[in-house]
Amino acid sequence: MSKPDTFRLYLDRAKDQLEFGRKAQDKEEYAEAKRHYVLAAQWLTRAANDAPKGLRAQHLQRAKQTLARAEVMAAKAEAQRRAARQPVASSDDAKPAWLVEKKPDATFDDVAGLEDVKEQIRLKFILPFEHQDKAAYYGIGSGGGILLYGPPGTGKTLIAKATAGELDADFFVVKASDVMSQWVGKAEGNVHLLFDAARACDRAVIFIDEIEALLPKRRGNLSTVMKRVVPQFLAEMDGFGGRASNVLFIGATNEPWAMDLAVLRPGRFDAKIYVPLPDQETRRRILEIHLKNRPLADDVDLDALAARMEGYSGADVAAVCQRASQRAFKEAIAEDDLPPIGWDDFEAALAEIKPSVDAKNLKRYEEYAAR
Ligand SMILES: Nc1ncnc2c1ncn2[C@@H]1O[C@H](COP(=O)(O)OP(=O)(O)OP(=O)(O)O)[C@@H](O)[C@H]1O
Ligand SMILES: [Mg+2]
């Protein structure tokens, strides 16, 4: 390329960068603006070197002015960073670990059965928000706690998430084991930050999994960390006591008998609900939910399939659907075809996947629930 050509080319590039810089500056994205102005200055310098004699000094001058502008942007960017540092640091600490999902899109329709749980949640949280004057008239508060207990895989986590979806609420998840492992050293401070972060939302659902570990029956052999965390936790829960609140907390446990029953009182967990294995009708509904968007053969009778799964948890039923689908999928690849998921696929899946909750354990839950 001849000099006049490169001169024009470099000028064009400089012009582009100046344009980007100006746009970033308008949006107050100063660090970005600085970057573009520096690049513009570099192109202007090259253009100056290839410029026709009379124009050289003029372009060098422009390059220097552009660089000066870049420096102004750099100063602004630094001021911006400093101003942002305070709140950013604390919210960085407080949020990401727990705010699992902003407003999950699951709803109660995605949860089969569990009508009791849904009803309690409607009464404690959804209706008081929708009918605020009537709630006030009858002295009905909102928020508070619900404790879910039962065997694994029965939809406790799912319903907590769907509750947040129904309420258009932010969803926080805490596992007792996280408190003990990740948070060691600042665990009780973090418990406080968690509740604060939830309170700062319009509406929030805090889901506390393995809650028996946070609120154990026997305090004698607690670790040093837990000796500080447990009282902190109780104090935070008491902070909600009876008042209207924008926070619903849902605790879940597979070991209700290991829990401190002192938490089961109004203001802490005022409802304690058994989440049993799904019955025939619920299993059928779980099948529908999990097969909704999958191609089913005509020979698949969902009632008969549900009947074959007595003793299966919701998670087991979901696993059977997954397994049967995989089998059809593999066949589709092997035969270069698109066969629907058939009864034989479910038969094969049932042969592989057995109920995950054994009879002895189940009896223990049922006895506990009957008390
Ligand atoms: N009632 C249900 N309706 C629809 N799907 C369900 C239901 N119960 C369980 N499932 C399926 O099983 C999966 C596991 O359920 P989930 O994690 O909610 O169980 P859990 O009760 O929290 O178990 P754990 O006690 O082991 O934590 C869900 O993601 C869902 O696919
Ligand atoms: Mg769970």
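Let's start with Thr6, which sits in helix H1, a helix covering residues 3-26. Keep in mind that you're looking at a predicted model. The chain has 15 helices and six strands, and its domain assignment gives three stretches: domain 1 (3-86), domain 2 (99-274) and domain 3 (280-370).

- Is Thr6 buried, exposed or partly exposed? Thr6 is partly exposed, because 15 other C-beta atoms lie within 10 Å, and a residue needs 20 or more to count as buried, or 12 or fewer to count as exposed.
- If you skip its neighbours within four places in sequence, Thr6 is in contact with Met1 and Asp50.
- Thr6 also has Ala51 at 8.8 Å in space, C-alpha to C-alpha, although 45 residues separate the two in sequence.

**The chain as a whole**
- A compact globule of 371 residues would have a radius of gyration near 21 Å, but this chain comes out at 30 Å.
- Picture a box drawn along the principal axes: the C-alpha atoms fill roughly 95 × 60 × 45 Å.
- Domain 1 and domain 3 have their C-alpha centres 63 Å apart.
- Of the 371 residues in the chain, 36% count as buried.
- Take the contacts with a separation of 6 or more: 79% of them join residues 24 or more positions apart.

**Strand S5, covered on both faces**
- Strand S5 runs through residues 247-253, and seven of its seven residues are buried.
- In a regular strand, side chains alternate between the two faces of the sheet.
- On one side of S5 you'll find Val247, Phe249, Gly251 and Thr253, on the other Leu248, Ile250 and Ala252, and all of these are buried.

**Around ligand 1**
- There are 18 residues around ligand 1, and the ones that come nearest are Pro152, Gly155, Lys156, Thr157 and Gly314.
- By class, the shell has ten nonpolar, seven polar and one charged residues.
- Three helices each supply at least two residues of this shell: H6 (156-167), H11 (280-291) and H13 (314-335).
- Why does ligand 1 lie between domain 2 and domain 3? Both domains give residues to the shell, so ligand 1 lies between them.

**Two residues with positive phi**
- Leu114 has a phi near 50°, a positive value in a residue other than glycine.
- You'll find Leu114 in the loop between strand S1 (99-101) and helix H4 (115-130).
- Leu114 is buried, because 25 other C-beta atoms lie within 10 Å.
- Asp168 has a positive phi as well, near 60°, and is likewise a residue other than glycine.
- Asp168 is in the loop between H6 and strand S3 (170-175).
- Asp168 is partly exposed, because 13 other C-beta atoms lie within 10 Å.

Definitions and conventions: Residues numbered from 1 in each chain as written. Chains lettered and ligands numbered in written order. Predicted model: local features only at pLDDT ≥ 70, side-chain atom pairs only at ≥ 80, totals over all residues. Helix = DSSP H or I, 4+ residues; strand = E, 2+ residues; numbered from the N terminus. Contact = placed C-beta atoms within 7 Å. Near = placed C-beta within 6 Å. Nonpolar A, V, L, I, M, F, W, Y, C, P; charged D, E, K, R; others polar. Domains from an automatic or database assignment. Rg over C-alpha atoms; globule rule 2.2 N^0.38 Å.
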